[in-house]
Amino acid sequence: MNYYLKNFKSSETKGNLSEETSLKGPFNQKRILQFLFRGWVSADTKLLKSNTWKSLSEYFDLFSEDVKSSWTLLKKYKGDFIQTGPYSQKGIQTLLKQGFLSDQDFVWREGFSSWKRISLCSEFHTRIEGALEDFMDQEFSKANPAPEVLVYKRESPNIFE
């Protein structure tokens, strides 16, 4: 899936990307998400795919329009923190699964008094708990190896001797 950008703006010049260029691309989904985390594009940025212009939020099911259930992300990039969002809970989970986020990145939503690491948010524990359970199983197996099983072979007496 290739996407094209129009009027692309970046704070850096990278290869074929420069200040206020016209149509640029093609870019794959991973590259578009990298641009999002760098703050170069937003949910409203128009993308061209298969001769159709749509906003990034229409192509990628990551964002939330419901303020009460939306998440804002704080991600470290090259020593700086970039704030993006609002994302849906499903969007954050998708980004975790795809490796764009780690459970050490920060999120915030209405009702929080401060930023929280994703690892501390119960809404995202299914991924973390699965990894923790796997780790605990491995550690338990190392500390408690299976007992050695002794097999006794019982020989029947030869009654014809």
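Biologist: Where is Asp-105 found?
Modeller: In this predicted model, Asp-105 is found in the loop between helix 3 and strand 7, which spans residues 106-108.

Biologist: Is Asp-105 buried or exposed?
Modeller: Asp-105 counts as buried, because its relative accessibility is 9% and the cut-off for buried is under 20%.

Biologist: Which backbone nitrogen lies 2.9 Å from a polar atom of its side chain?
Modeller: That nitrogen belongs to Ser-102.

Biologist: And which residues is Asp-105 in contact with, leaving aside neighbours within four places in sequence?
Modeller: The contacts are Leu-73, Leu-74, Lys-75, Lys-76, Phe-100, Lys-116, Arg-117 and Ile-118.

Biologist: Lys-75 is in that list. What stands opposite Lys-75 in strand 6?
Modeller: Ile-82 does. Strand 5 and strand 6 (residues 80-87) pair in the antiparallel sense over six bridges.

Biologist: How many residues are between strand 5 and strand 6 in the hairpin?
Modeller: There are two residues between them, and Lys-78 in the turn has a positive phi of about 50°.

Biologist: Let us turn to the largest nonpolar core. Which members touch the most others?
Modeller: Ile-32, Phe-60, Tyr-87 and Ile-92 do, within a core of 30 residues. Helix 1 (29-38) is among the elements that give two or more residues to this core, and the largest share, five residues, comes from helix 1.

Biologist: What is Ile-32 in contact with beyond its neighbours within four places in sequence?
Modeller: Ile-32 is in contact with Tyr-3, Leu-5, Phe-27, Val-41, Leu-47, Leu-56 and Phe-60.

Biologist: What about the ends of helix 1?
Modeller: Asn-28 caps the N-terminal end, with a side-chain oxygen 3.3 Å from the backbone nitrogen of Lys-30. Gly-39, whose phi is positive, near 85°, follows the helix.

Biologist: Now the rings. How many aromatic pairs does a search of the whole structure find?
Modeller: The search finds eight. In one of them, Tyr-3 and Tyr-59, the ring centres are 5.4 Å apart and the planes are at 70°, so the pair is edge-to-face. Tyr-3 is in strand 1 and Tyr-59 in helix 2, 56 residues apart.

Biologist: Why is the pair of Trp-71 and Phe-112 edge-to-face?
Modeller: The planes of Trp-71 and Phe-112 are at 75°, so the pair is edge-to-face, with centres 5.7 Å apart.

Biologist: What sits over the ring of Phe-112?
Modeller: The charged end of Lys-116 does, 4.4 Å from the ring centre. Lys-116 is also among the contacts of Asp-105.

Notes:
Residues are numbered from 1 along each chain as its sequence is written. This is a predicted model: local features need pLDDT of at least 70, side-chain atom pairs count only at pLDDT 80 or more; totals for chains, interfaces and linings use all residues. Side-chain values use heavy atoms; hydrogens and water are left out. A nonpolar core is a set of buried Ala, Val, Leu, Ile, Met, Phe, Trp, Tyr and Cys residues joined through side-chain atoms within 4.5 Å. Buried means under 20% relative accessible area, exposed over 50%, partly exposed in between (1.4 Å probe, protein chains only). Helices (H or I, at least four residues) and strands (E, at least two) are DSSP runs, numbered from the N terminus. Contact means heavy atoms within 4.5 Å. Two strands pair if DSSP finds at least two bridges between them. A polar contact is a pair of N or O atoms within 3.5 Å; within protein, one must be able to donate a hydrogen and the other to accept it, and residues adjacent in sequence count only if both atoms are side-chain atoms. Rings of Phe, Tyr and Trp (its six-membered ring) pair if their centres lie within 6.5 Å; planes under 30 degrees apart count as stacked, over 60 as edge-to-face and the rest as tilted. A charge sits over a ring if NZ of Lys or CZ of Arg is within 6 Å of the ring centre and within 35 degrees of the ring normal.
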